[in-house]
There are 2 protein chains.
Amino acid sequence: MDRRQKKTRDAIFQAFSKLLEKKRYEHITVQEIIDEADIGRSTFYAHFETKDELLRSMCTDIFHHVFTEDLPQEADHAYSAGSKSLELKLGHILYHLKEHHRDLKGILSSESGALFMRYFKEYLQDLFGRYMADFHANVPADYLLNHLVGSFAETVKWWITGKMECTPEEVAGFYMAVIAV
Amino acid sequence: MDRRQKKTRDAIFQAFSKLLEKKRYEHITVQEIIDEADIGRSTFYAHFETKDELLRSMCTDIFHHVFTEDLPQEADHAYSAGSKSLELKLGHILYHLKEHHRDLKGILSSESGALFMRYFKEYLQDLFGRYMADFHANVPADYLLNHLVGSFAETVKWWITGKMECTPEEVAGFYMAVIAV
DNA sequence: TAAAAATCGAACAATGTGTTTTATATCGAA
DNA sequence: TTCGATATAAAACACATTGTTCGATTTTTA
């Protein structure tokens, strides 16, 4: 990627993130992002078609980091069955999410949080699908999956938007405690 | 309330609801609502300051119906303690929500669903707060409340946006099954 | 019937969007 | 280093949407 492109992209991300901290997503204009990032109008549109796509890109970047990063802890437990394996994996995801907590606080604080949650759940859907066999509840499978995914996403939101006093391990523990079926 | 006002208000609600069925909330313009409702521009703004406020009013109307309607079943069980009392109450709420499923499908299908969910949770927060004593989990109280409220809201969303093949009682049962802590 | 209130409809300013164009600056490869 | 390719800047533009205003008209209520 061209240095200039990367520089511009980073400037936009940072400007957007900064604006999100003090303003609702809906009320942030492209012009404000441009001014904050100190770039030309046409340059912004050369990178992103819309504000929504900008948010989507930020989320995708974060998810790519969070979900595809090396999972050192997991190697030892890759074949351990059941809930402990899931708990470790979720703890690891929380650990990586924490590294982005500044960006995430901004994103989650406004309506953009709803979009983030939607994208986040798409990723989680795949992950949890692989653990569904470990759960046995007398409810429809799609309902259960929806419940597990939604609850974890809400857990993340609760953690990030709160004071984040708990460790990733503790948060994963809370989650496992309330979904134990 | 003046007949004209009621007529106009209903026309706006119906037009908005109809548009929501085929279009995303964000992409619906005030002008489209006006055209669909066949009213004057200034009339719309005499009723609602913004599109957001229109949605908020629709939600409030529905919630008022759902949460304050007579609860016939509950009279017999008002003093029964524990989870059965909660399950009955939730079943009743689901029963009333079903009466609005046409409007709700539209609202929940787009980003307006995020706003609905937020308002809905505000109401649920009060309700669940009164049952918190019945739950005992080794997690922070605010986390647990957030989990219970969020999960029920997601349950409603799953039910309304799906095929709604289950009865309110069944859905309440599913919910109780997965939150049993 | 008469005053009060709601609606209509047209015009209006203000704001934001996304595109286009031309000139300039920077990059990457030969 | 040189040169073609590419990214950016800056300004102008058409367009859509918003929210307000105002006078005329209709409907309600007393």
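Is Asp61(B) buried, partly exposed or exposed, and at what relative accessibility?

1. Asp61(B) counts as partly exposed, because its relative accessibility is 38%, where buried means under 20% relative accessible area, exposed over 50%, and partly exposed in between (1.4 Å probe, protein chains only). This is a predicted model, in which local features need pLDDT of at least 70 and side-chain atom pairs count only at pLDDT 80 or more, while totals for chains, interfaces and linings use all residues. Residues are numbered from 1 along each chain as its sequence is written, chains are lettered from A in the order in which they are written, and side-chain values use heavy atoms, with hydrogens and water left out.

2. The side chain of Asp61(B) meets that of Arg9(B) in a salt bridge, at 3.4 Å from N to O; the term stands for a side-chain nitrogen of Lys or Arg within 4 Å of a carboxyl oxygen of Asp or Glu. Asp61(B) belongs to helix α4 (residues 51-68) of chain B and Arg9(B) to helix α1 (residues 3-22) of chain B, so the pair ties together parts that are 52 residues apart in sequence. Helices here are DSSP runs (H or I, at least four residues), numbered from the N terminus.

3. Over all chains, the whole structure holds 22 salt bridges. One of them joins Asp10(A) and Lys6(A) at 3.6 Å, N to O, and both residues lie in helix α1 (residues 3-22) of chain A, 4 residues apart, which is about one turn of the helix. Asp10(A) is partly exposed at 36% relative accessibility, and Lys6(A) is partly exposed at 46%.

4. Lys23(A) and Glu32(A) also form a salt bridge, with their closest N and O atoms 2.4 Å apart. Lys23(A) is partly exposed at 31% relative accessibility, as is Glu32(A) at 23%.

5. Turning to the two chains together, the contact (heavy atoms within 4.5 Å) takes 26 residues from chain A and 26 residues from chain B. Chain A and chain B bury about 2,100 Å² between them, 58% of it on carbon and sulfur atoms, where buried area is the accessible area (1.4 Å probe) that two parts lose on being put together, summed over both. Tyr143(A), Trp158(A) and Val178(A) supply 32% of the area that chain A buries against chain B, more than any other three residues.

6. Between chain A and chain B there are 4 salt bridges, and Lys121(B) meets Glu154(A) in a salt bridge at 3.1 Å, N to O. The helix α9(A) gives the largest share of the side of chain A that touches chain B, namely 9 residues.

Technical notes:
Helix = DSSP H or I, 4+ residues; strand = E, 2+ residues; numbered from the N terminus.
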